[in-house]
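Reader: I have a model open in my viewer and would like to learn how to read it. Could you walk me through a few features?

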Amino acid sequence: MRILLVEDDAYLAEALTEALEVQRYAVDTVPDGEEAWAQISTLDYDLVLLDVMLPKLNGIGLCQRLRSHGYKMPILMVTAKDTSTDKVIGLDAGADDYMVKPLDIPELLARIRALLRRGSASSPPILEWGELHLDPATYEVSYREQILRLTPKEYTLLELLLRNGRQIMSRSAIIEHLWSFENPPKEDTVKVHIKSLRQKLRVVGAPDDLIETVHGLGYRLKPLS
């Protein structure tokens with residue numbers, strides 16, 4: 001899952017980014033509404049975490065612009081203003097939820113999970129590919145009921161492949177989905193993570209080619225027989 005954090009307080013942005021990345025989210029951070037608009041026009045985001053008081057274009061204006069242009073991703077708005085009027089303005093602008101600073105991080109993470117579940121209500125709660133199961137609610141992955149111990153990046157990589165099924169994912173597309181645009185790795189990094197993921201799948205009895213390499217194009221899951 002990819003989140004855009006729009007926050008001009010560098011200290012708070014760093015703290016929130018760290019908390020979100022621990023939960024296996026890919027996080028991009030921008031300091032103002034105009035940069036956020038440009039970023040959203042370039043990349044697809046599963047959720048926007050949006051401060052209200054921003055330079056250039058404030059959170060209310062950005063939220064209204066996004067909704068007027070048809071963007072439907074969940075928007076969680078945060079602000080230092082704690083009045084019912086401010087909350088009404090934010091929700092009327094198109095926000096899906098509203099929190100007041102100082103933020104309680106566990107509550108923030110719970111609200112993000114709730115919004116993401118709501119946004120993907122049509123998706124099955126557990127992703128399955130044959131005998132491979134991934135539960136996004138618990139971050140548990142198993143093959144033939146054997147638990148796989150994956151790193152956060154291996155987990156998000158496998159989740160991405162499961163959500164896209166037989167669609168070929170290029171290395172550049174994988175990087176775009178799983179890494180911050182500020183610190184993208186080299187494409188060979190994807191190859192290293194794929195190799196490690198295959199090894200762990202092999203240990204629990206999965207076939208070597210469960211994750212297929214489509215030469216010159218990328219990776220996808222092997223068709224189910």
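Author: We will go from the sheet to the helices and then to single residues. This is a predicted model, in which local features need pLDDT of at least 70 and side-chain atom pairs count only at pLDDT 80 or more, while totals for chains, interfaces and linings use all residues. Residues are numbered from 1 along each chain as its sequence is written, and side-chain values use heavy atoms, with hydrogens and water left out.

Reader: Thanks! In what order do the five strands of the open sheet lie?

Author: Strands of a sheet pair through backbone hydrogen bonds, either parallel or antiparallel. Two strands pair here if DSSP finds at least two bridges between them; the elements themselves are DSSP runs numbered from the N terminus, helices being H or I with at least four residues and strands E with at least two. In this model the order is β2-β1-β3-β4-β5, with parallel pairing. The edges belong to β2 and β5; each has a single partner strand, so one side of each is left without a neighbour in the sheet. On average, neighbouring strands of this sheet are turned by 20° against each other, direction ignored. For angles like this, axes are lines fitted to C-alpha atoms, for helices over the stretch in contact, and the angles run from 0 to 180 degrees between N-to-C directions.

Reader: How many bridges join β3 to β4?

Author: Four bridges link β3 (residues 47-51) with the parallel strand β4 (residues 75-79). Within that pair, look for D51, which stands opposite V78 in β4.

Reader: Which strands does α1 lie across?

Author: Contact means heavy atoms within 4.5 Å. Helix α1 lies across β1, β2 and β3, and runs at about 165° to β2. Helix α7 (residues 171-178) lies across β1 and β2, at about 50° to β1.

Reader: At what angle do α6 and α8 pack?

Author: Angles under 35 degrees count as roughly parallel, over 145 as roughly antiparallel, 65 to 115 as roughly perpendicular and the rest as oblique. Helix α6 (residues 152-164) packs against α8 (residues 187-203) at about 85°, with the axes 10 Å apart. The two helices α6 and α8 are therefore roughly perpendicular. On the α6 side the contact includes L157, L158 and L161, and on the α8 side I194 and L197 are among the residues. The residues of this contact divide into five nonpolar, two polar and three charged. For these classes, Ala, Val, Leu, Ile, Met, Phe, Trp, Tyr, Cys and Pro count as nonpolar, Asp, Glu, Lys and Arg as charged, and the others, Gly among them, as polar.

Reader: Which side chain does S196 join in a polar contact?

Author: A polar contact is a pair of N or O atoms within 3.5 Å; within protein, one must be able to donate a hydrogen and the other to accept it, and residues adjacent in sequence count only if both atoms are side-chain atoms. S196, in helix α8, makes one of 2.5 Å with the side chain of E154.

Reader: How far apart are the axes of α7 and α8?

Author: Those axes are 9 Å apart, and the packing angle is about 85°. So α7 and α8 are roughly perpendicular to each other.

Reader: Is E7 buried or exposed?

Author: Buried means under 20% relative accessible area, exposed over 50%, and partly exposed in between (1.4 Å probe, protein chains only). E7, in the loop between β1 (2-6) and α1, counts as buried at 3% relative accessibility. A polar atom of the E7 side chain lies 2.9 Å from the backbone nitrogen of D9. Leaving aside residues up to four places away in sequence, E7 touches several residues, including D51 and K101.
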